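Thanks, everyone. I'll talk about aromatic rings today. Have a look at the structure while I go through them.

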Amino acid sequence: MKPILQRYTAYHLWANKEIGKALTKLTPEQVTTHLGGSFEHMRALVWHVWDSESIWYQRLQLQEKPLRPSERFTGSFAEGCAAWLRQSALLAEWVAAATPARINHIVAFTRKKNEHYKMAVADIIMHTCNHSTFHRGQLVFMLRQLGITKIPSTDFSTFSQKK
């Protein structure tokens, strides 16, 4: 299982970096343009993905009360994107260093106030990567709505050809 998770987190990091290249070229006005959909604007969506990746990573660290990094963040959009990419790198590094026992561990966590869950580490990693893939698709759609035509491919097949 570990080799699959390592490949998937490597792809996840690569794809986030690719979309990040397009995102960091946006103007402040483009970042906050209301485009409709699930998120108010591009920044809100990127912050959501960053927060989600961070929360799942914190759960892998067995933190009882994960924090959303965007809530205390005061930097620019480009700095926020860089922090998101650092978070994606941390996940890949965590998987690379994980022992088989750690990969097979079950994590117990609480969501909201009293909703208790248990989830396998491998499933947390897969969920985190899949969640970001879903939202990268939304980011591509939003970029197109802004008139951006040069958008990198983040397909797994593209990643596979480069590796």
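**Aromatic pairs and charges over rings**

Start with Trp47. Its relative accessibility is 12%, so Trp47 counts as buried. Keep in mind that this is a predicted model.

Now the overall count. How many aromatic pairs does the structure hold? Twelve. One of them joins Trp47 and Phe73. The centres are 5.6 Å apart, with 80° between the planes. That makes the pair edge-to-face, because the angle is over 60 degrees.

Where do the two partners sit? Trp47 is in helix H3, residues 42–60. Phe73 is in the loop between H3 and helix H4, which covers 77–97. So this pair ties together parts 26 residues apart in sequence.

Next pair: Phe109 and Tyr117. Centre to centre, 5.6 Å; between the planes, 20°. Is that stacked or edge-to-face? Stacked, because the planes are under 30 degrees apart. Phe109 is buried, at 8% relative accessibility. Tyr117 is partly exposed, at 34%.

Stay on Tyr117 for a moment. The charged end of Arg111 sits over the Tyr117 ring, 5.7 Å from the ring centre. Which other ring has a charge over it? Trp56: the charged end of Arg59 sits there, 4.5 Å from the centre of the ring.

Last item, a cluster. Ring pairs link five residues here: Tyr8, Tyr11, Trp14, Phe156 and Phe159.

That's my tour. Over to you.

How values were computed: Residues are numbered from 1 along each chain as its sequence is written. This is a predicted model: local features need pLDDT of at least 70, side-chain atom pairs count only at pLDDT 80 or more; totals for chains, interfaces and linings use all residues. Side-chain values use heavy atoms; hydrogens and water are left out. Rings of Phe, Tyr and Trp (its six-membered ring) pair if their centres lie within 6.5 Å; planes under 30 degrees apart count as stacked, over 60 as edge-to-face and the rest as tilted. Helices (H or I, at least four residues) and strands (E, at least two) are DSSP runs, numbered from the N terminus. Buried means under 20% relative accessible area, exposed over 50%, partly exposed in between (1.4 Å probe, protein chains only). A charge sits over a ring if NZ of Lys or CZ of Arg is within 6 Å of the ring centre and within 35 degrees of the ring normal.
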